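Here is a short briefing for someone meeting this structure for the first time. Look over the sequence and the model, then read the points below by topic.

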Amino acid sequence: MNSLVCPECQHANETERIYCHNCGARLDRSKLLTEKAAHAPTEVQERKHLQKLFSRKGDRMLRAGTKFLKTVLGAVVCATIIVALLPPDLPPEPKNYSFAPMINMDLTSAVSAHRTAALVYNEEQVNSFIALSLKRKDSPAKQGYFPLERVLVKFDEGTCAISTKRTLFGCSIYSGGSYRVSIDKGKIAAASTGGFIGRLSIPAQLMKLASPLMEKTWATLARERNSVERLAAIEFHPQSVSLIAAR
């Protein structure tokens, strides 16, 4: 209805008027109110409309939140990979090794003679010995697609830290860990105190997950490990290790 017709003079009035513009008679607005009520949304329709409105808004917020979380997770993963690929702060590898003691022969002689005096070696001597061991023709260090390039040890009071360098398709991967080592019933017992991959620190509780990175190191030094297991004790001190043969 676009107008109100006066019941007296049949004049078409605007819907906003109460009295007829032509004769002044009171207009019947009941039909207008009835028609307006008929076109007005019901309570159920209004509720459905609001639910639909908020549902769309909720979906948009959910999609935006999911996208944000994926972006944050992707950034964290990328940052972790980058940190893991960065080389740690290690001393440069010497161009030559002036003195590398024959530790294996020393251990064999000490065990055979039941020598009670400890064999003491400093970090430089042990690292020189390990470097030459990696270069043996029968060493497994160079085998496979993930060869072992370098092993570096560092001694502290009660702990031994081992750092390794391996290459994968020309890319250097650094990893390592720190251990408290003892000899128990002819076996080496090593308790991890933490580790790293690149510059990414790994807590001791998660070091078992990184153990595959150290397997080639243990295989390369298997001969040395067997010799150490025949000892009575092994002690680590700052920059030195003491090997004590069985009595």
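The chain has six helices and ten strands. The model is predicted. Of its 247 residues, 32% count as buried. The points below start with the whole chain and then turn to selected parts.

**Whole chain**

- The accessible surface comes to about 16,500 Å². Carbon and sulfur atoms account for 59% of that surface.
- Take the contacts between residues at least 6 apart in sequence: 48% of them join residues at least 24 apart.

- Strand 4 covers residues 148-156, and strand 5 covers 159-168. The two pair in the antiparallel sense over eight bridges.
- Within this pairing, Lys 154 stands opposite Ala 161 of strand 5.
- Strand 4 and strand 5 form a hairpin, with two residues between them. Gly 158 sits in the turn and has a positive phi of about 85°.
- Strand 5 also pairs with strand 6, residues 171-184. This pairing is antiparallel too and runs over nine bridges.
- Ile 162 has Gly 177, in strand 6, as its bridge partner.
- Strand 5 and strand 6 form a hairpin as well, again with two residues between them. Phe 169 lies in that turn, with a positive phi of about 55°.
- Strand 5 is mostly covered. Seven of its ten residues are buried.

**The cavity**

- How many cavities of 30 Å³ or more does the structure hold? It holds one.
- Rolling a probe the size of a water molecule over the atoms shows where empty space is left.
- The largest cavity has a volume of about 30 Å³.
- Its lining is made up of Leu 90, Arg 150, Val 151, Leu 152, Ser 163, Thr 164, Lys 165 and Tyr 174.
- Strand 4 and strand 5 each supply at least two residues of this lining.
- By class, the lining has four nonpolar, two polar and two charged residues.

**Helix 6 and Ser 227**

- Helix 6 spans residues 222-229. Its residues Glu 224, Ser 227, Val 228 and Glu 229 are buried.
- An α-helix has 3.6 residues a turn, so residues three or four places apart point the same way.
- What covers the buried residues of helix 6? Among the helices, the cover includes helix 3 (103-112), helix 4 (123-134) and helix 5 (215-220). Among the strands, it includes strand 6, strand 7 (187-197) and strand 9 (231-237).
- Ser 227 belongs to helix 6. Its relative accessible area is 11%, so Ser 227 counts as buried, the cut-off being under 20%.
- Which residues does Ser 227 contact, leaving aside its neighbours within four places in sequence? They are Asn 104 and Leu 107.

**Gly 24**

- Gly 24 lies in the loop between strand 2 (12-13) and helix 1 (30-39).
- Is Gly 24 buried or partly exposed? Its relative accessible area is 43%, so Gly 24 is partly exposed: the value falls between the 20% and 50% cut-offs.
- Gly 24 and Cys 9 are 15 residues apart along the chain. Their C-alpha atoms are separated by 9.6 Å.

Notes. Residues numbered from 1 in each chain as written. Predicted model: local features only at pLDDT ≥ 70, side-chain atom pairs only at ≥ 80, totals over all residues. Heavy atoms only, no water. 1 Å grid on protein atoms, 1.4 Å probe; cavity = no way out; pocket = protein on both sides within 12 Å on 5 of 7 lines; lining within 4 Å. Points joined across faces, edges and corners; volume = space filled by probe spheres on them. Helix = DSSP H or I, 4+ residues; strand = E, 2+ residues; numbered from the N terminus. Nonpolar A, V, L, I, M, F, W, Y, C, P; charged D, E, K, R; others polar. Buried < 20%, exposed > 50% of the residue type's maximum accessible area, 1.4 Å probe, protein only. Contact = heavy atoms within 4.5 Å. Areas by Shrake-Rupley, 256 points an atom, 1.4 Å probe, with all protein chains shown as cover. Pairing = 2+ DSSP bridges.
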